[in-house]
Amino acid sequence: MIELDQVTKIYKGEVLALYGVSCKISKGEFVFLVGPSGSGKSTFLKLLNRQETADQGAVWIAGKEVGALPRSSVPKLRRLVGCIFQDFKLLPNRTVYENVAFALEVTGRSRHQVRTQVPSLLELVGLSKKTHSFPHELSGGEQQRVSIARAFVNRPPILLADEPTGNLDGDTSNGIMRLLAEINKRGTTVVMATHDQHIVNAARRRVLRLDRGRLTGDEARGRYTAAGRYT
Amino acid sequence: MAVSLGYVFRETRGNLRWNVTLFAATIVAVWVSLTLFGSSLLIREGVEQATGRWQGGIEFIVFMNADAEEAQHAAVRSALEENPEIGGYDYVDQQGAFNEFITEFADRPELIENVTPEILPPSYRVKPTVGDADVIEALAAQFETRPGVRQVTLPVEVIRTLQQNSQKVSVFVLVIAIVVLLAALMLIANTIRTAIFARRQDIEVMKLVGASNWYVRLPFMVEGTVQGVIGGALAIPMLFLMNNLMAGFVQEDYLELLRSLVVDSAVVWNTSLLVTGIGAAVGVLGSLFAVGRFLDV
């Protein structure tokens with residue numbers, strides 16, 4: 001499903017973000033990407049949805065080399081790869097419903113499809129009663145749920161989550177993790193960058209560890225400590 | 001993939017609702033800029049019209065000998081009537097010339113005492129259809145050599161000066177119009193860019209959820225067009241108002257010169273359509289370029 005082959009990314013020719021990273025992630029996996037700030041987690045994810053391109057090596061998604069895609073094909077790729085961000089990135093002037101509906105509309109779905117799919121997604125993330133609320137009227141956890149609904153509404157085969165619990169308290173984070181696990185159970189591959197050891201250790205999923213741009217560990221059902229020790 | 005009209009309409013409506021202040025600011029920028037530009041065009045039109053009228057009023061005079069025979073007069077008259085470059089003429093006979101002389105030298109009775117109608121030359125005051133100095137000079141030359149003609153006088157210097165000056169004024173006003181238009185384009189583009197800069201994060205999110213560039217661009221372009229057309233349309237009454245104010249001045253006889261600067265309402269309409277068209281074009285292109293800067297996500 002996802003493959004990185006000797007990927008190197010250097011920003012502005014100076015800042016080494018990733019160096020010689022190779023790995024494979026299969027369909028339906030749930031993978032944690034761990035490491036301290038600046039270890040290359042975000043760059044790893046940005047290469048997967050073509051926010052960035054690799055300077056060396058290749059990134060493959062569903063058999064296609066992401067870096068070689070023409071610009072016109074990038075929107076298509078992004079519909080295969082849903083994204084969740086630490087700062088949610090919701091459109092502030094739109095309601096919960098409109099934020100989720102937008103992701104469907106850009107794929108050219110009919111209004112009828114939008115009307116039937118958005119409410120079922122909002123129900124899945126537990127926000128049926130907040131349909132007409134605006135983002136600023138929601139708690140952080142609720143905003144992240146909207147963001148998840150938006151990322152998942154197209155039923156993408158891959159979901160990328162960049163520190164999705166970074167701004168949330170423990171209980172709320174657990175709720176978000178349950179939601180991501182549920183989405184993963186439905187067949188979507190989830191790649192989540194985090195440095196929250198509690199979440200990683202509670203989930204016992206595959207862990208890819210990055211350190212200063214290098215892949216220093218890859219273990220199924222791995223554990224992680226924020227101090228950097230990986231068992 | 002086709003972008004649905006419903007989507008574009010809803011997005012544009014949303015953009016307008018969420019950004020009322022910047023939307024209004026862009027309209028005002030377009031309105032003021034295009035009013036200035038349109039006014040410059042109208043003034044230029046007025047100047048050309050005015051010089052056209054002054055040039056049209058120029059005539060040359062064919063003086064006949066006092067004793068010219070009737071046949072010679074008839075030959076000159078038929079030549080005047082047949083020439084397509086001559087719009088008409090007035091014949092001033094000897095008595096008429098004498099009357100003019102009396103009027104002209106009313107304060108010098110000693111001159112009038114020594115003049116009788118018989119010694120004054122009759123003349124044809126000829127009105128050419130063109131105002132060009134070279135053409136009028138060539139026309140006048142045709143009559144100079146005819147039998148019975150004493151002299152042809154024409155105000156070539158006056159014509160040449162008028163032509164040169166009107167050309168200078170016309171070019172000057174055109175330059176001002178172009179400078180105003182450039183300033184207007186920059187002001188409008190800048191306002192649109194500010195409006196879109198305020199929404200660069202929205203654009204980033206749209207791109208990240210898989211919107212194609214056209215999905216993001218189109219609502220902004222429609223918005224830019226609406227702003228451009230409204231701003232241009234608002235300039236129309238201003239242009240009419242300006243022309244009417246000028247007409248008001250003329251009626252009250254403030255300035256005789258302004259009479260010719262008042263242009264026909266058809267000209268104002270044409271200028272208005274041009275200005276509105278420019279408004280729409282600037283709106284579309286301004287948005288297109290402004291959005292383009294933020295599409296690279």
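This is a predicted model: local features need pLDDT of at least 70, side-chain atom pairs count only at pLDDT 80 or more; totals for chains, interfaces and linings use all residues.
Which residues in H3(A) meet which residues in H4(A)? Residues are numbered from 1 along each chain as its sequence is written, while chains are lettered from A and ligands numbered from 1 in the order in which they are written.

**Chain A overall**

- Chain A has seven helices and ten strands, where helices (H or I, at least four residues) and strands (E, at least two) are DSSP runs numbered from the N terminus.
- Of the 231 residues in chain A, 44% are buried; a residue is buried if 20 or more other C-beta atoms, placed from the backbone, lie within 10 Å of its own, exposed if 12 or fewer, and partly exposed in between.
- When contacts in chain A between residues at least 6 apart in sequence are taken, 65% of them join residues at least 24 apart; a contact here means that the C-beta atoms, placed from the backbone, lie within 7 Å.

**The open sheet of chain A**

- An open sheet of four strands in chain A has the order E2-E1-E4-E5, with antiparallel pairing; strands pair if DSSP finds at least two bridges between them.
- Its edge strands are E2 (15-25) and E5 (64-65) of chain A, each of which pairs on one side only.
- E1 (residues 2-11) of chain A runs antiparallel to E2(A), and seven bridges join the two.
- Within that pairing, A:Glu3 has A:Lys24 in E2(A) as its bridge partner.
- Helix H1 (residues 41-48) of chain A lies across E1, E2 and strand E4 (56-61) of chain A, at about 120 degrees to E1(A).

**Helices H3 and H4 of chain A**

- The axes of H3 (residues 96-105) and H4 (residues 111-124) of chain A come within 10 Å and cross at roughly 125 degrees; axes are lines fitted to C-alpha atoms, for helices over the stretch in contact, and angles run from 0 to 180 degrees between N-to-C directions.
- H3(A) and H4(A) are therefore oblique to each other, given that angles under 35 degrees count as roughly parallel, over 145 as roughly antiparallel, 65 to 115 as roughly perpendicular and the rest as oblique.
- To answer the opening question, A:Val96, A:Tyr97, A:Val100, A:Ala101, A:Leu104 and A:Glu105 in H3(A) meet A:Gln113, A:Val114, A:Gln117, A:Val118, A:Leu121 and A:Leu122 in H4(A).
- By class, this contact of H3(A) with H4(A) has nine nonpolar, two polar and one charged residues; Ala, Val, Leu, Ile, Met, Phe, Trp, Tyr, Cys and Pro count as nonpolar, Asp, Glu, Lys and Arg as charged, and the others, Gly among them, as polar.

**Chain B**

- Chain B contains ten helices and four strands, in the sequence pattern α-α-β-α-β-α-α-β-α-β-α-α-α-α.
- Buried residues account for 32% of its 297 residues.
- E3 (residues 123-128) of chain B runs antiparallel to E1 (residues 60-64) of chain B, with four bridges, and antiparallel to E2 (residues 86-92) of chain B, with six bridges.
- B:Val126 in E3(B) stands opposite B:Phe60 and is also the bridge partner of B:Tyr89.

**Where the chains touch**

- The contact takes 14 residues from chain B and 15 residues from chain A.
- On the chain B side, helix H1 (5-18) and helix H8 (200-208) are the elements that give two or more residues, and H8(B) supplies the largest share, four residues.
- The chain B side divides into ten nonpolar, three polar and one charged residues.

Key. Two residues are in contact if their C-beta atoms, placed from the backbone, lie within 7 Å.
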